[in-house]
Amino acid sequence: MSADPSWSNNPSFVAYAITCVVLSLNLLFLWAYSGAVRAKSKTAINEEDAARFGAPLSAIDPPEVARVLRAHGNAQASVYPFLLLGLVFVLAGGTSGAAQVLFGTFTVARLVHSVVYLAGKQPYRTLAFVLGALATVALIVEVVMLIAKGPMGA
């Protein structure tokens, strides 16, 4: 069964689909990077991993691993709601211009946030977070306005 070809012709949906792919890749990168950083630290927080890899067992993550996990957790906490709201926006008939601006702004803000979080750079981390949060608030406003208009902009 193939997708309805009209979706691929909808610029709002295309912007949303690209946003989903990029933000998912960002989350997957952070997830994989946490494992790479953990391996480099040569520690394990699970008994079976310590036994399997001959690593010392630690009750807590080393600071460098904890930083990556915090970046990943922060990304999850903001990306998932944004993607759900973005889907509602597209399904409710949001305009392609608004989609491109909001989705693009949020995506760039989240990518920058991940990079500067991992690098420990302030105030850039806060600025990227605030920009992403503002894009999310703007998306909420857009969704509420679309829903308030009712079906077919009535």
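Start by selecting Thr136, which counts as buried because its relative accessibility is 15% (with a 1.4 Å probe and protein chains only, buried is under 20% relative accessible area, exposed is over 50%, and partly exposed is in between). Thr136 sits in helix 6, residues 124-149 (helices are DSSP runs of H or I with at least four residues, numbered from the N terminus). Show its surroundings: setting aside residues up to four places away in sequence, Thr136 touches Phe82, Leu85 and Phe106 (contact means heavy atoms within 4.5 Å).

A quick note on what you're looking at: this is a predicted model, where local features need pLDDT of at least 70, side-chain atom pairs count only at pLDDT 80 or more, and totals for chains, interfaces and linings use all residues. Residues are numbered from 1 along each chain as its sequence is written, and side-chain values use heavy atoms, with hydrogens and water left out.

Next, pick Tyr16, Val79, Leu83, Phe89, Phe103, Phe106 and Leu139: these have the most contacts inside the largest nonpolar core, a set of 23 residues (such a core is made of buried Ala, Val, Leu, Ile, Met, Phe, Trp, Tyr and Cys residues joined through side-chain atoms within 4.5 Å). Helix 2, helix 4 (63-91), helix 5 (96-119) and helix 6 each supply at least two residues of this core, and helix 4 gives the most, with 7. Zoom in on Leu83: beyond its neighbours within four places in sequence, Leu83 is in contact with Tyr16, Thr19, Cys20 and Leu23.

Now follow Gly93, which comes after helix 4 and has a positive phi, near 90°.

Over to helix 5, where you'll find Leu111. Is Leu111 buried or partly exposed? Leu111 is partly exposed, at 32% relative accessible area. Leaving out neighbours within four places, its contacts are Val22 and Asn26. Draw a C-alpha to C-alpha distance from Leu111 to Trp31 and you'll get 14 Å, for a pair 80 residues apart in sequence.

Last stop: select Gly35, Arg38, Ala39, Lys42, Thr43, Ala44, Asp49, Phe53, Gly54 and Ala55, which line the largest pocket. Helix 2 (11-41) and helix 3 (47-53) each supply at least two lining residues, with helix 2 giving the most, 3 residues.

Terms used. On a 1 Å grid over the protein atoms alone, a cavity is a set of points where a 1.4 Å probe fits but cannot get out, and a pocket is an open set with protein on both sides within 12 Å along at least five of seven lines; lining residues have an atom within 4 Å of a point.
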